[in-house]
Amino acid sequence: MKPFLKYLLLFVLFCAETQAQSSRPNIIMFMVDDMGWQDTSVPFWEKLTQNNGKYKTPNMARLAAKGVKFTQAYATPVCTPTRVSLISGMNALRHGVTNWTSPENGENSDGLDEELELDAWNMAGCSPIAGIPNTVHITPFPQILKDQGYFTVHAGKAHWGALGTPAANPTNLGFVVNVGGAATGHPQSYHGEDNYGNKAPRYSTHAVPDLEAYFGSTTFLSEAITNDALKALDYPIAQNLPFFLYLSHYAVHTPIMADSSLVQKYLDKGFAPVEANYASLVEGMDKSLGQVLDFLEDKKIDDETIILFMSDNGGLGNEHPAGKKANHDNAPLKSGKGSVNEGGIREPMMAFWPGVTQAGTVCTQPIIIEDFFPTILEMAGIKEFNTVQQTDGQSFVPFLKNRNQQTSRELVWYYPHNWGANGPGIDYFAALRKDDYKLIWDIKAQKLSLFDLSKDIEESQDLSAKMPEKTRELAERMQALLDERKAPVLHYKVSKKPVRVPF
């Protein structure tokens, strides 16, 4: 081949590759921490609730108007299991990270119990490297995206692995850029005046890293993270590279600190201080979403960018020890964070995919957090990939293309731990949902309860006595899944016998 033709061919191939690369959509996943299903002015039910009237989230409404709301989207009862399911595509029964992970490596976050003890669980989180003690070995989806040419950015809360393990640093999980992500599950402070916890003598493992530019300022943490996340996108946009941004807020997790620029309006409305502080955290999160939407429009890439919105577990409930007064509740859902009842696991979720989703629509198909793994890869056009783990998630792309499509679904949750809070469905519980029926197993009491969520979203009418065959069917399936996925096993301390689902 003549040199001229050779270089011409290379140039054509390069242009074709660049065009193929640039035609792939950008993807942003916007994750909120501890945000309840009704902690928004946008209803995720067929009618408004009292909570919907408390909060100001105009940018959530803006996103909902562009895309589709999922009214039956689920996570796990607490944060790290959700985040490991997200990045691995595995259900918590399979990955064995069944409780939140302590930042300190080797420190078990599970409280002691007089009757029950748990086999080893993956208390150090996940790991992209095999052989790390107390972790589950995974191929994270951001690594797959990166390997396929995506510029990957992490900003905010990570909480995938304990200090001293690879997953404590998101750049080991496939992210090119990390802003503020570490082993910690909540910030020591939301305030720039406190250096976000990086200030003697109160420094701890909960100090947020990487935000030195804002130290001593009045910039609230949610805004600082958003600013730096969007700055990180300038490079891939300039280079015409597809990007994936995981914008994972520490808000609205405790400590319930006021955003001084937003809190006064709530105090003026008569909100108690803790309620006003919480409402300002919610509005600050929504303000961040607005910054993202404005940024995409300003860069003229809003029609090339998919946006996914999700929370990692239910909101703090009246049962949570958040002080003398609970800061909010999840009505009409039962209970809150830490619970396998609906208030602990049902989340506000939205999706916008230009040219695919229909504006202002609602999808009632149940989905769960591990479904994001195959969905995001399908959105990116990645059809062939290998993982070291067996995945459980199912892509929800079909429901984005046809929101009215429905499929039979089996979802399962397992919380074999002593979290230390009081309330329905908290501490040693499991649940299985099959279509509209949901079985709850109170592990300590060895009691089964059955609910029809299509008629009883409050989970107030136990049907187990009226429907013994359905109860047994779901109980047998729950035990089968625990066995098949090799979930961590609870034992009675005295007899050493394993605790099994009663049927």
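A: By class, the lining of the largest cavity holds one nonpolar, four polar and three charged residues. Here nonpolar covers Ala, Val, Leu, Ile, Met, Phe, Trp, Tyr, Cys and Pro, charged covers Asp, Glu, Lys and Arg, and the others, Gly among them, are polar. Bear in mind that this is a predicted model, where local features need pLDDT of at least 70 and side-chain atom pairs count only at pLDDT 80 or more, while totals for chains, interfaces and linings use all residues. Residues are numbered from 1 along each chain as its sequence is written, and side-chain values use heavy atoms, without hydrogens and water.

The lining consists of Phe-220, Ser-222, Glu-223, Asp-259, Gly-284, Lys-287, Ser-288 and Gln-291. Helix H6 (221-232) and helix H9 (273-298) each bring at least two of the lining residues; H9 gives the most, with four. Helices are DSSP runs of H or I with at least four residues, strands are E runs of at least two, and both are numbered from the N terminus. The space inside the largest cavity is about 50 Å³, and the count is four cavities of 30 Å³ or more. A cavity is a set of points on a 1 Å grid over the protein atoms alone where a 1.4 Å probe fits but cannot get out, and lining residues have an atom within 4 Å of a point. Points are joined across faces, edges and corners, and the volume is the space filled by probe spheres set on them.

Now for strand E2 (residues 68-74). Seven of its seven residues are buried, so E2 is largely enclosed by the rest of the structure; buried means under 20% relative accessible area, with a 1.4 Å probe and protein chains only. Five bridges join E2 to strand E10 (residues 346-352), and these two run antiparallel. By contrast, E2 runs parallel to strand E11 (residues 361-363), with three bridges, and parallel to strand E12 (residues 367-368), with two. Strands pair if DSSP finds at least two bridges between them. Tyr-74 stands opposite Arg-346 in E10 and opposite Ile-368 in E12. Phe-70 has Cys-363 in E11 as its bridge partner, and Cys-363 is buried at 0% relative accessible area.

The whole structure has zero disulfides, a disulfide being two cysteine sulfur atoms within 2.5 Å. Cys-126 is also buried, at 0% relative accessibility, and because its closest cysteine sulfur, in Cys-79, is 13 Å away, a bond is out of reach.

Technical notes: 1 Å grid on protein atoms, 1.4 Å probe; cavity = no way out; pocket = protein on both sides within 12 Å on 5 of 7 lines; lining within 4 Å. Buried < 20%, exposed > 50% of the residue type's maximum accessible area, 1.4 Å probe, protein only.
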